[in-house]
Amino acid sequence: MSWGTELWDQFDNLEKHTQWGIDILEKYIKFVKERTEIELSYAKQLRNLSKKYQPKKNSKEEEEYKYTACKAFLSTLNELNDYAGQHEVISENMTSQITVDLVRYVQELKQERKSNFHDGRKAQQHIETCWKQLESSKRRFERDCKEADRAQQYFEKMDADINVTKADVEKARQQAQMRQQMAEDSKADYSLILQRFNQEQWEYYHTHIPNIFQKIQEMEERRIVRIGESMKTYAEVDRQVIPIIGKCLDGIVKAAESIDQKNDSQLVVEAYKSGFEPPGDIEFEDYTQPMKRTVSDNSLSSSKEGKPELKFGGKSRGKLWPFIKKNKGVTPEDFSNFPPEQRRKKLQQKVDDLNKEIQKETDQRDAITKMKDVYLKNPQMGDPASLDHKLAEVTQNIEKLRLEAHKFEAWLAEVEGRLPARSEQARRQSGLYDGQTHQTVTNCAQDRESPDGSYTEEQSQESEHKVLATDFDDEFDDEEPLPAIGTCKALYTFEGQNEGTISVVEGETLSVIEEDKGDGWTRIRRNEDEEGYVPTSYVEVYLDKNAKGAKTYI
């Protein structure tokens, strides 16, 4: 069965059919793409679900995961995360093994189809051209034959007419002969073209078209085989992850089997056991006897005459429920609603976290600086100016983190009872002096302790409020204006929101009155009456010759 012999006259239908085959292949590609998107979306939702129920760090939930049931649930979440990863693998493999290959194959298929049908149209055009030549020679032969007949009839008429001169007869005879010769030439030409056309037509229907249609048939069959192979790959991709998915499910079953109810019950005992003995029997008090009645040591009632607290199981009743009152509302930024020691731990932890962030940003800044040096030494590797914006952004982040760290360090110093003197630099970098006032709470944990030993968490009404006076503004107002030691150009816009800072706009030129002392700030002046500090990394400084020398801070 060959399309070249069976479908020799179905060129247009074959063209439509092969286009339909490509459409089917593209539809299958679209189907696989949508499947990969569904797998990715499903994996993402599973990961989000796992993340949503993961215990939050440094929270009460972490304490709950000491129970075996909670540990099993955590293992389930982790296995679910791995389960989601297998769906991502399905998506990746389908994309790489099916979608990418089929998209490339479709392009090749389209090009091959275009080439084959181009050859077919070229062959059609050639045979049509031959047919037109045959028709033209046939009409010319027919026309010449008719002209020869008319010329012969005219000659015979002139030859029979006695009134016609001999010269006219001779002329008519010559014309008839010429027309006859033209007819013979047209006949020979028509015969030659007819033979050539028959040869071209035979080759067209028995050689050219069968070869072209055979190529088209082979192309179409390869397409069918390719889509079948892709469907097998589609199934294999799913089958490859089944063992790993099975391991994930086995992990969940193993986690469930590890749950120990007795162990969890023991943990509850350890978590909530008070250690007190249950109360003893209450003795009968006989009020009918006119004698001095005493209160039983085991009585739960309290004395109303100022007697000492009754013993309960051999221990003070006030020690049964320590710290009854709980923290309510939103925790203040300075953790002032915690007891001093707890507040100190919270502040210390916050300072440590900020220092880690500062170190991380500092490492990033150093890496960018090294990369910039490499670009400066090897310009072909990159443009050094392209890193300036990122470097400035990282530097700004470091300054913000340092301000935040200084703020918490100040609160930590207050808790530890070592309030340092506030220098001009500290006032610039700390965000504690927005209003130039600060409250100092003098009551301690003992002042907040209620008679029964519980911690009230409420501020004492007898707290003292001290205002720390500062002469920061006077330092600028009373001193003689400092002489300018150079100029600077703002590389970036800086919003000076803290006390002692000044806002600058990118490209602005200002006077430098105090260079960076190592704290990352430069003191500048604008229009002789407005001055303040800006981050050194935000300006490009040019010192006068009389100063230490021209320096550039980037």
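This dialogue goes through several features of a predicted model, from the whole chain down to single side chains.

Q: What should I keep in mind about the model and its numbering?
A: The model is predicted, and local features need pLDDT of at least 70, side-chain atom pairs count only at pLDDT 80 or more, while totals for chains, interfaces and linings use all residues. Residues are numbered from 1 along each chain as its sequence is written, and side-chain values use heavy atoms, with hydrogens and water left out.

Q: How many helices and strands does the protein chain have, and what share of its residues is buried?
A: Helices (H or I, at least four residues) and strands (E, at least two) are DSSP runs numbered from the N terminus, and the protein chain has 11 helices and 7 strands. Buried means under 20% relative accessible area, exposed over 50%, and partly exposed in between, with a 1.4 Å probe and protein chains only; by that rule 32% of the 554 residues are buried.

Q: What span do the end C-alpha atoms of H4 and H5 show, against the expected one?
A: The expected span of a helix is 1.5 Å times one less than its number of residues. The 93 residues of H4 should span 138 Å, and its end C-alpha atoms are 135 Å apart, which agrees; H5, with 92 residues, reaches 133 Å, close to the 136 Å expected.

Q: Where are the kinks in H4 and H5 centred?
A: The bend at a residue is the angle between axes fitted to the seven residues ending there and the seven starting there. In H4 a kink of about 35° is centred on Thr95, whereas in H5 a kink of about 45° is centred on Tyr204.

Q: How many salt bridges does the structure hold, and what does the one between Arg140 and Asp189 tie together?
A: Side chains of opposite charge can pair when their charged atoms come close. A salt bridge is a side-chain nitrogen of Lys or Arg within 4 Å of a carboxyl oxygen of Asp or Glu, and the structure holds 23 of them. One of them joins Arg140 and Asp189 at 2.4 Å, N to O; Arg140 lies in helix H4 and Asp189 in helix H5, so the pair ties together parts that are 49 residues apart in sequence.

Q: Are Glu220 and Arg223, another salt-bridged pair, buried or exposed?
A: Their side chains meet at 2.5 Å, N to O, and Glu220 is buried, with a relative accessible area of 3%, as is Arg223, at 5%. Being 3 residues apart in helix H5, Glu220 and Arg223 are separated by about one helical turn.

Q: Which residues form a nonpolar patch on the surface?
A: Patches are made of residues with over 30% relative accessible area and no salt bridge, like charges being joined within 9 Å and nonpolar side chains (Val, Leu, Ile, Met, Phe, Trp, Tyr) within 5 Å. Here Leu49, Tyr53 and Phe73 form such a patch, with about 270 Å² of accessible area together, by the Shrake-Rupley method with a 1.4 Å probe, where for residues only the protein chains shown count as cover.
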